[in-house]
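Thanks for coming, everyone. Let me put the model up and walk you through it.

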Amino acid sequence: MFLEKQEFSLHLANLAVKSLIEEAELTPKPGLVDKDNSGSHSDMTFKTMIQSAEALEPTFRGIAEASFKHDLSQELREEIAAIGRRGEFEMLEATGGINTHKGAIWALGLLVSSIAMNPDGSSLNKIAFTAGELARFSDRNLTEQMTNGKRAKDRYGVNGAKGEAQQGFPHLIKVALPELFTSRNRGIEENHCRINALVALMASVDDTCILHRGGAEALSCTKSLAAEILASGGVSTKQGWKLLGRLDQSMRKYNASPGGSADLLAAALFLDFFQQSRTQMTQKQQLLLNY
Ligand SMILES: CC(C)(COP(=O)(O)OP(=O)(O)OC[C@H]1O[C@@H](n2cnc3c(N)ncnc32)[C@H](O)[C@@H]1O)[C@@H](O)C(=O)NCCC(=O)NCCS
Ligand SMILES: Nc1ncnc2c1ncn2[C@@H]1O[C@H](COP(=O)(O)OP(=O)(O)OP(=O)(O)O)[C@@H](O)[C@H]1O
């Protein structure tokens with residue numbers, strides 16, 4: 001398909017940045033930064049999110065180049081971990097010290113690496129599975145630091161961003177992408193399909209962002225309200241839309257936000273864009289062959 005390492009890496013990096021931008025642009029999102037407001041994030045704006053996304057292009061390109069046709073190995077895991085950590089630093093530089101995309105760098109970085117290892121083609125399931133295998137290698141250069149995610153994991157016994165990746169991104173493959181595709185098949189407008197995917201994630205992810213700010217009560221309220229939205233037919237229905245407003249109020253009441261679900265939505269969009277770009281490429285190649 002794509003032959004050149006540089007061209008392919010740039011393509012993946014552009015898709016990763018596009019997925020972060022389109023996640024930020026998706027409006028309305030409960031508790032999260034969107035085009036209308038900053039949700040529960042008094043330290044971020046829509047502009048900060050876009051600046052952060054754009055600053056991450058070299059990170060994703062670097063991860064893709066390092067992984068291109070590379071075997072799955074401890075060495076690769078440690079190389080992309082170093083690039084990912086530099087990416088976190090660049091994100092903080094671009095945002096004046098605000099954590100806008102830490103979880104997203106982690107998830108998208110692993111998925112970019114997985115695709116670049118096998119650029120000639122894998123199914124989306126296989127891409128997520130290989131990303132999980134990579135995440136299971138330990139990073140021996142990591143200096144352990146206490147994070148909000150670790151505190152929430154210790155206190156509530158949940159898996160968090162690391163566990164999600166190490167299990168091969170089950171919420172991406174079994175929740176977000178199926179909801180996105182099912183909603184599209186129902187003929188719902190694209191924005192509503194994406195919000196439905198976010199809501200499906202919120203109904204199921206043990207989001208350490210929600211736990212660390214709002215505790216177990218905030219997480220269980222979020223999950224049950226999100227499940228109610230899905231049961232009412234999703235946000236394209238009158239009742240579903242009304243409940244989405246209640247979910248936003250609930251997030252604000254707890255001053256919480258589903259940052260983990262937002263990261264996983266960006267990852268789902270990334271895989272979806274990649275799949276579409278593959279299909280377009282194949283069609284273009286077929287047209288050239290038939291010419
Ligand atoms: C694993 C990471 C995300 C740290 O996780 P930890 O839970 O300790 O930290 P922290 O609370 O700071 O961030 C968690 C992030 O994950 C997201 N998140 C929260 N819960 C979940 C969940 N259940 N599923 C997925 N993502 C989640 C949040 O949005 C948040 O941004 C990561 O920063 C890391 O270890 N990076 C090291 C660099 C690396 O190895 N990179 C490799 C590929 S780029
Ligand atoms: N549109 C979005 N709006 C807000 N957060 C998002 C959005 N998309 C993704 N996120 C994720 O949410 C995380 C931010 O959540 P939060 O502010 O709770 O994290 P924190 O920096 O660990 O905690 P705190 O700010 O409470 O000290 C980001 O790291 C990012 O990965």
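**Core, ligands and helices**

Start at Ala176. Leaving aside neighbours within four places in sequence, Ala176 is in contact with His171, Ala197, Ala200, Leu201, Leu264, Leu265 and Ala268. Contact here means that the C-beta atoms of two residues, placed from the backbone, lie within 7 Å.

Ground rules next. This is a predicted model, so local features need pLDDT of at least 70, side-chain atom pairs count only at pLDDT 80 or more, and totals for chains, interfaces and linings use all residues. Residues are numbered from 1 along each chain as its sequence is written, while chains are lettered from A and ligands numbered from 1 in the order in which they are written.

Now the core. The largest nonpolar core has 82 residues. Leu108, Leu111, Ala176 and Ala268 have the most contacts inside it. H5 gives the most to this core, with 11 residues. A nonpolar core is a set of buried Ala, Val, Leu, Ile, Met, Phe, Trp, Tyr and Cys residues joined through C-beta atoms within 7 Å. Buried means 20 or more other C-beta atoms within 10 Å of a residue's own; exposed means 12 or fewer; partly exposed is in between; C-beta atoms are placed from the backbone. Helices (H or I, at least four residues) and strands (E, at least two) are DSSP runs, numbered from the N terminus.

On to the ligands. How many residues surround ligand 1? The count is 28, and the closest are Gly84, Gly103, Gly109, Gly149 and Gly260. Two or more residues each come from helix H4 (74-95), H5, H7, helix H8 (160-166), H11 and H13. H5 gives the most to this shell, with six residues. By class, the shell around ligand 1 has nine nonpolar, 10 polar and nine charged residues.

Ligand 2 has 19 residues around it; Val33, Asn99, Gly103, Gly259 and Ala262 come nearest. Helix H1 (5-25), helix H5 (102-117), helix H11 (208-231) and helix H13 (259-290) each supply at least two. The classes here are seven nonpolar, eight polar and four charged. Near means that the C-beta atom, placed from the backbone, lies within 6 Å of the molecule. Ala, Val, Leu, Ile, Met, Phe, Trp, Tyr, Cys and Pro count as nonpolar, Asp, Glu, Lys and Arg as charged, and the others, Gly among them, as polar.

Look at H7. Gly149, Ala152 and Lys153 are buried there. Seen down the axis of H7, the buried residues fall within an arc of 100°, so they line one face of the helix. That arc is taken over the directions from the helix axis to the C-beta atoms. The buried residues of H7 pack against H8 and H11. Just after H7, Gly157 takes a positive phi of about 65°.

Then H3. Its buried residues pack against H1, H4 and H5. Among them are Phe60, Arg61 and Ile63. Ala66 sits in helix H3 (residues 57-67). Is Ala66 buried or partly exposed? Partly exposed, because 19 other C-beta atoms lie within 10 Å. Not counting residues up to four places away in sequence, Ala66 touches Leu76, Glu79, Ile80 and Ile83. The C-alpha atoms of Ala66 and Ile80 are separated by 7.2 Å. Lys69 follows H3, with a positive phi near 50°.

Last stop, Phe137. Phe137 lies in the loop between helix H6 (124-136) and helix H7 (148-156). It counts as partly exposed because it has 16 C-beta neighbours inside 10 Å.
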